[in-house]
Amino acid sequence: MNPESTGAIERPGRLGDPALSLGTDPRTDPRLVDALIPVGLGDNTAPAPLGPGAPREQLLEFVAAAEAGIEGLLASLVDGLEPTAGLDHTTETIRGPVGNDIQLYVTRPAGSSAPLPGILYLHGGGMVMLKGSGPVYARFHDGLAAKGLVVIGVEFRNGGGALGPHPFPAGLDDCAAALDWVHGHRATLGVSTLTVAGESGGGNLALATALRAGREGRLAAVDGVYALAPYISGLYGASVAEREAALPSLVENDGYFIECDASAIQVEVYDPGAKHATDPLCWPYHATAEDLSGLPPHALSVNELDLLRDEGLAYHRSLVEAGVEATVRTVDGTCHAGELMFQTALPELYEATVESVYQFAAGLPHP
């Protein structure tokens, strides 16, 4: 029977049909399906072989194995692309909060002399894996710089993987240190305004870096924040009913490129024992109006078929309710950060996201 004939509302994704996958959901951009199938991602991601209650050593092994696989996938997605011309690349090494070295990857238009808008970019990986020097991130840095931005990528400590294990708040501490250093060196870097940006786990850290700066009276360093596909709720290990009630996309799009089982393991690796489960600096979704009030302009970008979509939309609503200037965009037909990873298959969506970040940063008033 046709749902319309009974007055029923057809529920999207796996809310309406648990058998759907990213490859069979009619909302998925066909070009993305064609790109996913050769790399074995057309079907739903298999459940993790262990849960967040497993011994920590096993959880760290799981994250390390996942990191190796994802790094290989991401490298393959940009393999063969022509380098972006007309850019200068340098690396700065600064001292971290516990005497650790933090690498900053600076990319700028070659020969630029006038101050340009700056982007402090924090990479994804659920705060527990991947590197800012990875090829997809290097490519994104280049794309932003080619628009006329100075991009500073941060190699912060991760909760697991090759740059771990350093649970919360180590990565955030490094991002805060990088923010302070870049702010103090705006003149030598040729930076006019400074936007803190990132995707996925980097979106978490971008939002948390701004929240922390607000708490500590350091907001002069942050002119704007841009979070893409932010991973910010920490609710991935909750029951299906609890997830659907709080953030329906956690069920609707579960298994579409990323899934809640693995995300729950990453939560435990980042925040062992869930000691900071409702701390906005660990999981910004839980920020109160008091936390958000007075923050600089924000922009958020979410993906229609991402299990994280609704937490990004919820954060945008919270910002607006707290009186913060904020905008949000949805990239239709794509999975989690799909237009950034699958730029060859989705070139105009990739370019639209690069342009969106540029326009936000370039439109900020100079301090």
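This is a guided tour of the structure, arranged as a series of selections.

**Before starting.** The model is predicted, so local features need pLDDT of at least 70 and side-chain atom pairs count only at pLDDT 80 or more, while totals for chains, interfaces and linings use all residues. Residues are numbered from 1 along each chain as its sequence is written, and side-chain values use heavy atoms, with hydrogens and water left out.

**Colour by confidence.** Please colour the chain by pLDDT, the predictor's confidence in each residue, from 0 to 100. The chain averages 96, and 98% of the residues score at least 70. Confidence is lowest in helix α1 (residues 3–6), at a mean of 47, and highest in β6, at 99. Helices (H or I, at least four residues) and strands (E, at least two) are DSSP runs, numbered from the N terminus. Over residues 1–6 pLDDT stays under 50, and the model has two contacts for them beyond four places in sequence; a contact means heavy atoms within 4.5 Å.

**Select Arg14.** This residue is found in helix α2 (residues 13–16). Arg14 is partly exposed, at 23% relative accessible area; buried means under 20%, exposed over 50%, and partly exposed in between (1.4 Å probe, protein chains only). Leaving aside neighbours within four places in sequence, the contacts of Arg14 include Asn44, Glu252 and Tyr256. Between Arg14 and Ala245 lie 15 Å in space, C-alpha to C-alpha, although they are 231 residues apart in sequence.

Strand β1 (residues 87–95) and strand β2 (residues 101–109) pair in the antiparallel sense over nine bridges; two strands pair if DSSP finds at least two bridges between them. Leu87 stands opposite Pro109 in β2. The two strands form a hairpin with five residues between them, and Gly99 in the turn has a positive phi of about 80°.

**Select strand β5, residues 191–199.** Is this strand largely enclosed or open? Nine of its nine residues are buried, so β5 is largely enclosed by the rest of the structure. Strand β3 (residues 116–122) runs parallel to β5 and is joined to it by six bridges, with Leu120 opposite Val196. Strand β6 (residues 224–228) also runs parallel to β5, with five bridges; there, Glu199 has Leu228 as its bridge partner.

Together, β5, α8 and β6 make a right-handed β-α-β unit: with the strands pointing away from the viewer, the path from the first strand over the helix to the second runs clockwise. Thr209 is found in α8 and is buried, at 2% relative accessible area. Beyond four places in sequence, Thr209 is in contact with Leu122, Leu172, Cys175, Leu179 and Val196.

**Show the nonpolar core.** The largest core has 110 residues, and Leu120, Tyr121, Tyr236, Phe257, Tyr315 and Phe342 have the most contacts inside it. Such a core is a set of buried Ala, Val, Leu, Ile, Met, Phe, Trp, Tyr and Cys residues joined through side-chain atoms within 4.5 Å.

**Finish with the cysteines.** How many disulfides are there? The count comes to zero, a disulfide being a pair of cysteine sulfur atoms within 2.5 Å. The sulfur of Cys282 is 13 Å from the closest cysteine sulfur, in Cys175, too far for a bond. For Cys335 the closest cysteine sulfur is in Cys260, at 15 Å, also too far. Cys282 is buried at 0% relative accessibility, and Cys335 is buried at 0%.
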